[in-house]
Amino acid sequence: MNAADSQWMALALRLAEQGLYTTSPNPRVGCVLVKQHEVVGTGWHERAGEPHAEVHALRAAGKSAKGATAYVTLEPCSHHGRTPPCADALVAAGIKRVVAAMQDPNPQVAGQGIARLRAAGIGVECGLMEVAARELNIGFVSRMTRGIPWVRSKVAASLDGRTALANGSSKWITGEAARCDVQHWRARSCAVLTGIGTVLADDPQLNVREMPAARQPLRVVLDSELRISSQAEILRNGHALVYTACTVDAKLKALSARGAEVVTLAGLDGKVDLFAVMRDLARRGINEVLVEAGRELNGALLKAGLVDEMVLYLAPQLLGDAARGLAELGELTQLQQRVPLQWQDVRQVGSDLRIVAKISREK
């Protein structure tokens, strides 16, 4: 592979990014067809059930696809799902060479697409810009390889890590620009998850606002004792899921009338089983979960090792040690108990600082 290959793959990745808010539960994929150093067709996957990126690119190229090189950000599929196999479409079009950024983590594909292409005499190379391709589909990869979604926790805090005053007042710690920026994280997520404490205190909607949204994320509430009101804003317009550890028939009927689904997943401690929640969300095709919760749920998820990434909005202000912290982790007696992070991105958003950091799994 050479510099030209990198150039075309970069274009394919930019095309894939156009599906950031629309493709779930499918991965975000882009494809570029190049022949004699010129682009003859491009495409990207827009929505589940609709043609994949390769099909769009082949349609755009027409007869010019014969003898071309296909640059695709994910291994072409080899199985019949809602659409026919893309590997077969590339073979039928007479593609000469395929450069894939990464192998498909889906067990139904997992190298079979590449094998089918090579069996047809097509040259295949895999691994170009793989890190960028995996990052673009970090939730899909997580669901396919770990059986749970990628969990991203969003926290708005003061510079000293405080999310609310001792009396619970928190509107607004961060500025309008930061609050608008959060909408993009919601829009790319398949689900937004919160705890009953936040619902009772703030009555949030947790939907995508102030930007076009092709779909709204599933709104998820963890409510062990089923204390949620059937009139809660988060239940508005349906598309809400409540996980609980108990069963209250009258409450179930009232919530169902609002279009909410209630699932009982009780752990041994009498609270909602967090691991079971994540496995259930994965079975529902949820790739990315955005957590917007208080210190108790944030702490529980962190201690359980279920948070993969944090998006921290830090305001240029101090609230003091009496204010509420961002996560209840209990007393740490050794530095080895700390939660290590790896910086991914740091930038200013309006008057606030936005830090994106992944939880480090290395010991």
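## Domain layout

In this predicted model, the chain falls into two parts, with domain 1 spanning 3–140 and domain 2 spanning 147–359. Taken over C-alpha atoms, the centres of domain 1 and domain 2 lie 34 Å apart. To the contact, domain 1 contributes 13 residues, and domain 2 likewise contributes 13 residues.

## Buried area

Between domain 1 and domain 2, an area of about 1,100 Å² is buried, and carbon and sulfur atoms account for 50% of that area.

## Polar and charged pairs

Two salt bridges are counted between domain 1 and domain 2. A salt bridge also joins the side chains of Arg28 and Glu288, for which the N to O distance is 2.9 Å.

## The domain 1 side

On the side of domain 1 that touches domain 2, helix H5 (130–136) and helix H6 (138–146) each provide at least two residues. Of the contributors to this side, H6 gives the most, with three residues.

By residue class, the side of domain 1 that touches domain 2 is made up of six nonpolar, four polar and three charged residues.

Terms used: Residues are numbered from 1 along each chain as its sequence is written. This is a predicted model: local features need pLDDT of at least 70, side-chain atom pairs count only at pLDDT 80 or more; totals for chains, interfaces and linings use all residues. Side-chain values use heavy atoms; hydrogens and water are left out. Domain bounds come from an automatic or database domain assignment. Contact means heavy atoms within 4.5 Å. Buried area is the accessible area (1.4 Å probe) that two parts lose on being put together, summed over both. A salt bridge is a side-chain nitrogen of Lys or Arg within 4 Å of a carboxyl oxygen of Asp or Glu. Helices (H or I, at least four residues) and strands (E, at least two) are DSSP runs, numbered from the N terminus. Ala, Val, Leu, Ile, Met, Phe, Trp, Tyr, Cys and Pro count as nonpolar, Asp, Glu, Lys and Arg as charged, and the others, Gly among them, as polar.
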